[in-house]
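Please look over the sequence and the structure shown below before reading on.

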Amino acid sequence: MEARASPPPSVGFGGGRGDGGALSFLSKGWREVRDSATADLRLMRARADSLRTLADRELEQLLASASTALAAPPPVAAGAPIAELEFVRNRIQPKISELRRQYAARERELGRRVLEGWAPRGGPARARVDLSGITAIRNAIVSEVDGGERWRRAVWKGEAETEKEWEVMRMIRSSLKELERRSQTSEIFGGLRSPGEFVEKFKSSLKSFNVEHHGSKEVPPLDLTEVLANLVRQSEPFLDQLGVRRDLCDRVVETLCRKQNHYLSEDTSLLVNDNSSDELDLRIANVLESTGYHADGFWSEPAKYEVSDNKRHVAIVTTASLPWMTGTAVNPLFRAAYLSKGTKQDVTLVVPWLCKSDQELVYPNSMTFNSPEEQETYIRNWLEERLGFESNFKISFYPGKFSKERRSIIPAGDTSHFISSREADIAILEEPEHLNWYHHGNRWTDKFNHVIGVVHTNYLEYIKREKNGALQAFLVKHINNWVTRAYCDKVLRLSAATQDLPKSIICNVHGVNPKFLKIGEKITADGESGQPSFSKGAYFLGKMVWAKGYKELIDLMAKHKNDLEGFKLDVYGSGEDSEEVQSTARKLDLSLNFYKGRDHADNSLHGYKVFINPSISDVLCTATAEALAMGKFVICAEHPSNEFFMSFPNCLTYKTSEEFVTRVKEAMAREPQPLTSEQRYNLSWEAATERFMEYSDLDKVLNDKVAERGQGGNRNKTRRNIQPTLTDIMDGGLAFAHRCLTSSEVLRLATGAIPGTRGYDMQHCVDMGLLPPQAQHPVYGW
């Protein structure tokens with residue numbers, strides 16, 4: 001007989017045995033969902049029962065303590081008050097027991113009706129699965145919960161509309177009033193001086209059950225002249241564009257406010273000064289406070305860190321970390337060390353943590369770390385070797401990813417989330433534009449009381465060198481304006497080479513590693529003792545990428561190869577463009593000797609006399625400051641980035657390539673001048689910290705009287721009560737718009753963000769011991 005192959009089993013819903021398998025699969029899934037939901041409901045009921053039992057136990061203890069106090073016969077003036085308070089045992093406790101029974105019966109009925117809705121209509125033998133049970137479940141839950149809520153409100157408020165409070169509380173209140181009336185003449189009552197005192201204590205213990213609303217202070221509302229004065233003041237920027245002078249607007253406001261001084265004189269607490277504008281602010285704040293309104297919009301400040309003692313908290317957030325020897329890794333580290341010397345503040349340095357795959361791309365010599373603790377140990381050891389004192393600051397990490405295209409680290413997730421709310425007082429954002437390009441999280445000025453930005457990098461100069469650089473620079477310029485205005489209170493620019501940003505001021509707030517100053521002192525001492533100070537010629541040191549001055553250096557050396565015959569320059573650096581830079585120098589037959597990058601404080605670099613730095617992309621070159629501190633000549637371009645260094649006699653600047661040749665020959669022909677004590681101090685981190693405290697207003701913030709014990713919340717409350725200004729509204733609107741745009745992954749990728757940097761990934765969770773983002777921000781619902 002011919003064998004016939006059997007057809008494969010059906011996996012669809014078309015009929016036959018396939019239908020039975022599908023229905024069996026759905027039925028099994030339905031049972032699992034039903035059992036899981038039933039278990040969840042039972043768990044919810046058990047938790048509700050435990051909370052109800054705890055509340056009943058607390059109330060019974062209160063009533064028992066009252067009964068115990070009343071049971072002891074008073075030694076003086078016996079009788080009447082104790083008999084009057086028999087309602088505690090005879091009337092209140094039975095009433096509570098009855099309410100408890102009614103509540104338990106209602107809860108059982110609610111659970112029964114909800115669980116009845118889970119049974120699917122029809123048996124397992126039916127060919128079609130009826131999924132309408134889900135609708136029945138939802139309707140049952142909604143109806144029963146609504147009914148239960150109405151029943152609970154009825155129990156606590158009373159079924160009749162005329163009853164305003166729980167019946168038990170009404171009984172206690174009326175009986176206590178009667179007892180108080182009858183017990184005014186007693187002297188000793190249950191260990192207290194009088195029954196009246198016992199009644200007062202018992203009444204105060206019942207306040208948690210029924211809190212009465214206390215009306216606010218009567219304050220006259222704003223009238224038309226005050227509204228007009230505020231409108232004129234808020235419209236000053238617009239009127240200024242129309243040609244109306246600010247002093248004229250101020251006089252109008254003063255005139256309008258003067259007519260309403262009788263309101264201000266009624267409340268002497270508002271008369272703090274003679275400034276009409278301040279008086280109007282306080283008048284508006286008083287009216288808003290009297291209505292219970294707080295201006296908590298997206299442009300205003302929510303509740304922040306409140307100073308509870310004389311210590312303030314400073315968080316320094318930067319975009320790089322050691323062992324990456326870049327300015328944004330080294331300078332914030334020293335800033336944290338020197339700020340932590342102050343007695344008025346605690347300091348936390350917040351640096352990025354990179355996964356191992358990114359560490360291998362960024363850190364020199366293939367150095368990697370297995371944990372943040374291991375990297376923190378390396379950072380502290382490196383700093384301890386260079387400081388003359390013990391630093392006292394914390395180091396915290398936030399997730400970051402390295403961008404090969406931008407050659408920089410991009411934060412992953414909300415960086416402000418890694419600074420606890422109890423320490424969110426003062427924030428220093430090193431490279432605020434970089435930190436906030438793709439920032440999607442808390443607004444810094446909402447979480448912190450004072451936010452300072454320090455601009456390190458001239459991003460526009462780097463971007464202009466790329467393809468379509470002019471267009472990209474135009475967009476980045478406006479984005480930088482956007483984010484710094486939205487997220488900073490004050491911005492410090494290290495030099496005029498940076499982009500002109502809102503709320504910014506120019507000041508060099510960087511210093512030099514103390515180790516370089518000691519090297520300079522040793523070289524000066526050797527020169528005074530007759531020993532040769534320098535044994536080598538000229539050198540250049542920097543990360544080997546074209547934008548770090550290598551293009552300018554090769555152009556100068558190639559153009560004046562004949563003029564600088566016999567002059568040789570040693571170049572120290574490593575980077576992404578190393579091969580291309582070296583091959584270009586070889587093709588042009590330039591007298592450049594290339595070596596791997598090394599620490600500027602390395603012993604092999606001490607003997608050089610001249611440091612050449614033709615870069616015009618730097619904002620304030622750290623290597624230039626270090627060379628000056630070691631007593632060397634520095635030859636650099638006459639550029640805004642070098643303006644701070646021009647006051648030092650050993651700094652030789654040039655405008656043209658011909659002047660460059662002249663400066664090189666001059667430096668090679670003579671010896672540099674020793675630094676004076678004042679010049680050494682100006683290069684130090686002590687002086688840089690003083691400048692930072694002054695120009696960032698940090699000294700004013702730390703010395704604010706609000707920081708006194710017990711007055712921590714006054715400043716924030718005052719700022720929230722005062723009506724937001726037009727500038728506040730605009731800044732808040734910019735922050736809100738930026739948050740909306742950065743929520744779109746499509747827009748983030750289109751503007752160059754690393755995929756997945758809106759949050760951190762699982763590798764960051766493993767390395768840093770974090771909960772997965774889904775666990776930290778769960779989404780509940782059907």
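What follows is a short briefing, grouped by topic.

This is a predicted model, in which local features need pLDDT of at least 70 and side-chain atom pairs count only at pLDDT 80 or more, while totals for chains, interfaces and linings use all residues. Residues are numbered from 1 along each chain as its sequence is written, and side-chain values use heavy atoms, with hydrogens and water left out.

**The whole chain**

- The protein chain has 31 helices and 14 strands, where helices (H or I, at least four residues) and strands (E, at least two) are DSSP runs numbered from the N terminus.
- Of the 782 residues in the protein chain, 45% are buried, where buried means under 20% relative accessible area, exposed means over 50%, and partly exposed lies in between (1.4 Å probe, protein chains only).
- The protein chain exposes about 42100 Å², and carbon and sulfur atoms supply 54% of this area, which comes from the Shrake-Rupley method with a 1.4 Å probe; for residues, only the protein chains shown count as cover.
- Among the contacts in the protein chain with a separation of 6 or more, 70% are between residues 24 or more positions apart; contact means heavy atoms within 4.5 Å.

**The sheet**

- An open sheet of 8 strands has mixed pairing and the order β4-β3-β2-β1-β5-β6-β7-β8, where two strands pair if DSSP finds at least two bridges between them.
- Because β4 (408-411) and β8 (504-506) stand at the edges with a single partner strand each, one side of each is left without a neighbour in the sheet.
- Strand β1 (residues 312-317) and strand β2 (residues 345-353) run parallel and are joined by 6 bridges, and Ala 315 has Thr 348 in β2 as its bridge partner.
- Helix α12 (residues 327-339) packs on the sheet, where α12 touches β1, β2, β5 (426-430) and β6 (450-455), and the direction of α12 makes about 160° with that of β2; axes are lines fitted to C-alpha atoms, for helices over the stretch in contact, and angles run from 0 to 180 degrees between N-to-C directions.

**A residue in the sheet**

- Val 454 is found in strand β6, and Val 454 counts as buried because its relative accessibility is 0%.
- Val 454 and Val 491 are 37 residues apart along the chain, yet their C-alpha atoms are separated by 5.9 Å.
- Not counting residues up to four places away in sequence, Val 454 touches several residues, including Arg 335, Ile 428, Leu 492 and Phe 692.

**A partly exposed residue**

- Ile 479 is found in helix α18 (residues 469-487), and Ile 479 counts as partly exposed because its relative accessibility is 30%.
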